[in-house]
Every structure is written in structure tokens, then in C-alpha cells.
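Open your viewer and load the model. We will go from the whole chain to single residues, one selection at a time.

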Amino acid sequence: MTLVNSDTGELVSTPLAGQLSVTGYELPEGLSYDEWAAEGVVLLSMARSCMWWVGDWIRYGERRYGEKYAQAIDATGYSYSTVSKAAWVCGRIPPEDRRIGLDFGHHAKAAGLDPCSREQILNV
């Protein structure tokens, strides 16, 4: 089972109890209520983290291979505006400045601001 560290927001690297696929999630029979609830926490944490992961992945490809967005669009199926926004936000807000309690959209709004204003908005 995967757990989320409530202090850091980091996913603890253990497998989910069930099998994920592109079209579903098959959970094993016999999960306790607490196990089932913990799976939901992990899934929601993953959903909230996805755009950060995509943006950081794109920026790595740009640094390492000089690739822009075509490969990311092909790999993810996201639009140009989605992948470019993800990379832009991740470039403007480094991991140490990202707030666990705020969603990606909140960070996207703050990303275009000067550093002082950004800090104020992210510390809400």
C-alpha cells in the first residue's frame, strides 16, 4: 500500500494494493476500511501531483535533450497549452517553493507575479 507523508507530501514508495490500468483500478477483495481509505488518499495525492510531474518531466527533457513540447504532447495526449503551462509554472516555481496545501492552479496564478507578490499569494 502506498502512503503519503502528511508533513512533506511525499509519496512513500510502496505499491498500491490494487492493479491500476489506463481505464480502471481493480482493488483486491478483503481490504479493511482503513486500507481502502488510504488507497483513496494516495490516488487523490497522485491526481493533484500530476501536472507538477508532467511539468518537471518536460523541463528535464528540454535541459537534457533540447526537446520542446511535441514529444510531451504525443506522450500525454495533452494540448500544447496544457504542456507549455505545466512547464512554465514548474520553471517559475521551484519545488522548494511549492505549497502542498495549494493546488497547481493556485500556483499557476501566482507564477506570473513578481517574487514578493508570489510569496504573499502562496503563503495564504
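Predicted model: local features only at pLDDT ≥ 70, side-chain atom pairs only at ≥ 80, totals over all residues.

**Stop 1: the whole chain.** Switch to cartoon view. You will find 5 helices and 2 strands. Walk along from the N terminus: the order is β-β-α-α-α-α-α. Now colour by burial. Of the 124 residues, 26% count as buried.

**Stop 2: the nonpolar core.** Select Ile-58, Val-89 and Phe-104. These residues have the most contacts inside the largest nonpolar core, a set of 18 residues. Next, highlight helices α1, α3 (80-92) and α4 (104-111), each of which supplies at least two residues of this core. Which element gives the largest share? It is α3, with 5 residues.

**Stop 3: Val-89.** Zoom in on Val-89 and show its neighbours. Leaving aside residues up to four places away in sequence, Val-89 touches Trp-52, Phe-104, His-107, Ala-108 and Ala-111.

**Stop 4: Tyr-60.** Move to helix α1, residues 33-65, and pick Tyr-60 there. Why does Tyr-60 count as partly exposed? Its relative accessibility is 40%, and partly exposed covers the range between under 20% (buried) and over 50% (exposed). Finally, draw a distance from Tyr-60 to Ala-87. The two are 27 residues apart in sequence. From C-alpha to C-alpha, Tyr-60 and Ala-87 are 9.6 Å apart in space.

Key: Residues numbered from 1 in each chain as written. Heavy atoms only, no water. Helix = DSSP H or I, 4+ residues; strand = E, 2+ residues; numbered from the N terminus. Buried < 20%, exposed > 50% of the residue type's maximum accessible area, 1.4 Å probe, protein only. Core = buried A, V, L, I, M, F, W, Y, C linked by side-chain atoms within 4.5 Å. Contact = heavy atoms within 4.5 Å.
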